[in-house]
Amino acid sequence: MQGQGRGGGRGAGAGSGRGGGMGSGGFCICPKCGERFPHQRGVPCLEERCRDCGVALVREGSAHHKEIQQRRDSKREA
């Protein structure tokens with residue numbers, strides 16, 4: 001029988017590590033020019049750069065991508 005652990009029981013659970021567990025497919029997108037590149041398994045999009053403008057890429061459908069889209073939409077409405 002094991003004793004009581006010392007942790008607070010606040011583990012984040014599966015898939016909460018870096019990268020958000022989005023899987024191996026999908027695309028990386030340039031937030032500046034919108035160019036799409038196939039995502040490479042094991043390489044975070046944020047570590048890749050756009051071939052056209054040199055900006056760090058974001059994963060399509062990620063929180064970063066959605067935030068960029070919201071900012072663009074709000075600028076269009078203004």
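## Basis of the description

Contact here means that heavy atoms lie within 4.5 Å, and by that rule residues 24 or more positions apart account for 35% of the contacts in the protein chain with a separation of 6 or more. The structure is a predicted model, in which local features need pLDDT of at least 70 and side-chain atom pairs count only at pLDDT 80 or more, while totals for chains, interfaces and linings use all residues. Residues are numbered from 1 along each chain as its sequence is written, and side-chain values use heavy atoms, with hydrogens and water left out.

## Overall fold

The protein chain contains 1 helix and 3 strands, these elements being DSSP runs numbered from the N terminus (helices are H or I of at least four residues, strands E of at least two). Along the sequence they follow the pattern β-β-β-α. Of the 78 residues of the protein chain, 17% count as buried, where buried means under 20% relative accessible area, exposed means over 50%, and partly exposed lies in between (1.4 Å probe, protein chains only).

## The sheet

The 3 strands form an open sheet in the order β2-β1-β3, with antiparallel pairing; two strands pair if DSSP finds at least two bridges between them. Because β2 and β3 stand at the edges, each with a single partner strand, one side of each is left without a neighbour in the sheet. Strand β1 (residues 27-29) is joined to β3 by 2 bridges, and in β3 the bridge partner of Ile-29 is Val-58.

In soluble globular proteins, nonpolar side chains tend to be buried together. Leaving aside neighbours within four places in sequence, Cys-30 is in contact with Glu-35, Cys-50, Cys-53, Val-55 and Leu-57.

## Around His-39

His-39 is placed in the loop between β2 (36-38) and β3 (58-59), and His-39 counts as buried because its relative accessibility is 14%. Not counting residues up to four places away in sequence, His-39 touches Gly-23, Ser-24, Gly-25, Gly-26, Phe-27, Cys-28, Cys-45 and Arg-59. With the side chain of Arg-59, the side chain of His-39 makes a polar contact (3.4 Å), that is, a pair of N or O atoms within 3.5 Å, of which, within protein, one must be able to donate a hydrogen and the other to accept it, and residues adjacent in sequence count only if both atoms are side-chain atoms.

Gly-23, in the segment before β1, is in contact with His-39 and Arg-59 when its neighbours within four places in sequence are left aside, and Gly-23 is partly exposed, with a relative accessible area of 46%. Gln-40 is found in the loop between β2 and β3 and is partly exposed at 45%; Gln-40 and Gly-25 are 15 residues apart in sequence and 7.8 Å apart in space, C-alpha to C-alpha.

## Before the helix

Ser-62 is found in the loop between β3 and α1 (63-77), and Ser-62 counts as buried at 9% relative accessibility. Ser-62 and Met-22 are 40 residues apart in sequence and 8.1 Å apart in space, C-alpha to C-alpha.
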